[in-house]
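Visitor: Hi! Could you walk me through this one?
Guide: Happy to; have a look first.

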Amino acid sequence: MSDRLTSGPRYEAARTIWNGAVSRRPLAVLRCAGAADVQAGVRAAREDGLPLSVRGGGHDWAGRALVDGGLTLDLSPMRQVSVDPATAVATVAGGATSADVAAAAQRAGLVAVTGTAGSVGMAGLTLGGGYGPLSGRFGLAADNLLSADVVLADGTLVTVDEEHDPELLWALRGGGGNFGVVTTMRIRLHAVPAILAGMIMFRFDVLPDLEESLLRGPDELTVQAGFITAPTGEPVLFAAPTWCGDPEVGMKALHRLTELGEPLTAQVGPTTMPDQLAQIDAMFPAGRHVEIGARTVTALDPEVRQILLDAANATTSPLSAISLHSLHGAAARVPADATAFRNRTPHLMVETIAVWEPGDPAEDQHRAWVRGTDRLPGGYPNLLGPEDTARTAAAFGPNGERLLAAKKRYDPDLVFHAPGAL
């Protein structure tokens, strides 16, 4: 049964999301227990003329899970995940996190294609594309979406797959949560011999040598790289490889990464996806203040390297980071028009993450630091801010016209506004 909150401690908890800088106050938060509650909420918002937002994991840095003076549909009570080992398919409720899905898959001896953080909502990640540590072998999270139950703007509930309304399924695979509320989705899982991962830290001069592993490595190897502040207080270059395949071959591949330069630290070995996601959650806990920029580059050429190094050297908070997410291998072999997510050229998504503690007087400096990478091209719609409309349109490219047609068909009154949407 749904629970409508308008004030009090439970209301305050419901409007508290990952980015502590977001202070929006919905008129009401409807905590949904199932699809029927979502349907009722969508219809009520329309009848009352209220703006509507949908909260899954609540991890969108721009806070679009909440809407001032409107109705927020809170799907966080809907976190059920069931796995059919025979078909390697997971049925995932709309409020489940990546950690929920990874844990359920692990119990069945399988892995799920998630992002890098466990606290991210699985539905939101998938609808926006979903770079992650297994993407080189199994594609983006969106590529593993098989079907979905969706509450449309008129409150009706539909099930979409390759045979039933394939156009809406196409739009959901990377077009953002802009067409309805996904209350359940079914995703493909995978069996792998082993997961090997770790963290290697270098001095900055190793950056050019990482390009081959980031963009042209074997499918089984996906490397996330970037810049963080070491415990010594100095910025360092990191490489975080994930291998999903034969463990003997994988250890050799990870060892070759350590030979790119003289590592400051190097810890690699067997792990599980739940443990790997938990480590990132520990690095970026909820409640801190955050601003994020997202750009895309196809090479670490001298100009790109200089922009990244300048930003790394100018960081204004020891909690901030620059992360390079790789799209290569299987994710790059999907045709550009096969899903709404269009950018299938091997590339790096550059995520500039400013993080600071509440009350930090240098907030404006931290936000300005993010803009230091604005000279880079492109962008990832799932992480672009609400003012980055031109970059969002450019990222979808020719797929944008088809997405706008889908929007007109499924949500002509513009009920839904979501990250990664045109």
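Guide: One term before we start: buried means under 20% relative accessible area. Also, keep in mind that this is a predicted model.

Visitor: Thanks. Is Cys32 buried or exposed, then?
Guide: Cys32 is at 0% relative accessibility, which is under 20%, so it counts as buried.

Visitor: And Cys244, buried or exposed?
Guide: Cys244 is buried, with a relative accessible area of 0%.

Visitor: How many disulfides are there in the whole structure?
Guide: Zero; a search of the whole structure finds none.

Visitor: Let's switch to the nonpolar core. Which residues touch the most other members in the largest one?
Guide: That core has 36 residues, and the ones touching the most other members are Leu214, Phe227, Leu237, Leu300, Leu308, Ile322 and Leu324. Helix α10 (residues 302–313) gives the largest share of this core, six residues. Apart from it lies another core, of 35 residues, among them Ala90, Ala123, Leu152 and Phe396.

Visitor: What does Leu300 touch?
Guide: Leaving out residues up to four places away in sequence, Leu300 touches Leu207, Glu211, Leu214, Arg305, Leu308, Leu324 and Leu348.

Visitor: Sheets next. In what order do the four strands of the open sheet come?
Guide: The order is β1-β2-β4-β3, and the pairing is mixed. At the edges stand β1 (3–5) and β3 (52–55); each has a single partner strand, so one side of each is left without a neighbour in the sheet. On average, neighbouring strands of this sheet are turned by 20° against each other, direction ignored.

Visitor: How many bridges join β3 to β4?
Guide: Four, and β3 and β4 (residues 71–74) run parallel. As one example, Val54 has Leu73 in β4 as its bridge partner.

Visitor: Which helix packs on that sheet?
Guide: Helix α2 (residues 35–48), which touches β2 (28–31), β3 and β4. The direction of α2 makes about 170° with that of β4.

Visitor: Last topic: where is Thr222?
Guide: Thr222 sits in strand β11 (residues 221–229). With a relative accessible area of 5%, Thr222 is buried.

Visitor: What does the side chain of Thr222 reach?
Guide: It reaches the backbone nitrogen of Gly136 at 3.1 Å. Not counting residues up to four places away in sequence, the contacts of Thr222 include Gly132, Pro133, Leu134, Ser135 and Gly136. Ala240, Pro241, Thr242, Ser326 and His328 are also touched by Thr222.

Note on methods. Residues are numbered from 1 along each chain as its sequence is written. This is a predicted model: local features need pLDDT of at least 70, side-chain atom pairs count only at pLDDT 80 or more; totals for chains, interfaces and linings use all residues. Side-chain values use heavy atoms; hydrogens and water are left out. A nonpolar core is a set of buried Ala, Val, Leu, Ile, Met, Phe, Trp, Tyr and Cys residues joined through side-chain atoms within 4.5 Å. Buried means under 20% relative accessible area, exposed over 50%, partly exposed in between (1.4 Å probe, protein chains only). Helices (H or I, at least four residues) and strands (E, at least two) are DSSP runs, numbered from the N terminus. Contact means heavy atoms within 4.5 Å. Two strands pair if DSSP finds at least two bridges between them. Axes are lines fitted to C-alpha atoms, for helices over the stretch in contact, and angles run from 0 to 180 degrees between N-to-C directions. A polar contact is a pair of N or O atoms within 3.5 Å; within protein, one must be able to donate a hydrogen and the other to accept it, and residues adjacent in sequence count only if both atoms are side-chain atoms. A disulfide is a pair of cysteine sulfur atoms within 2.5 Å.
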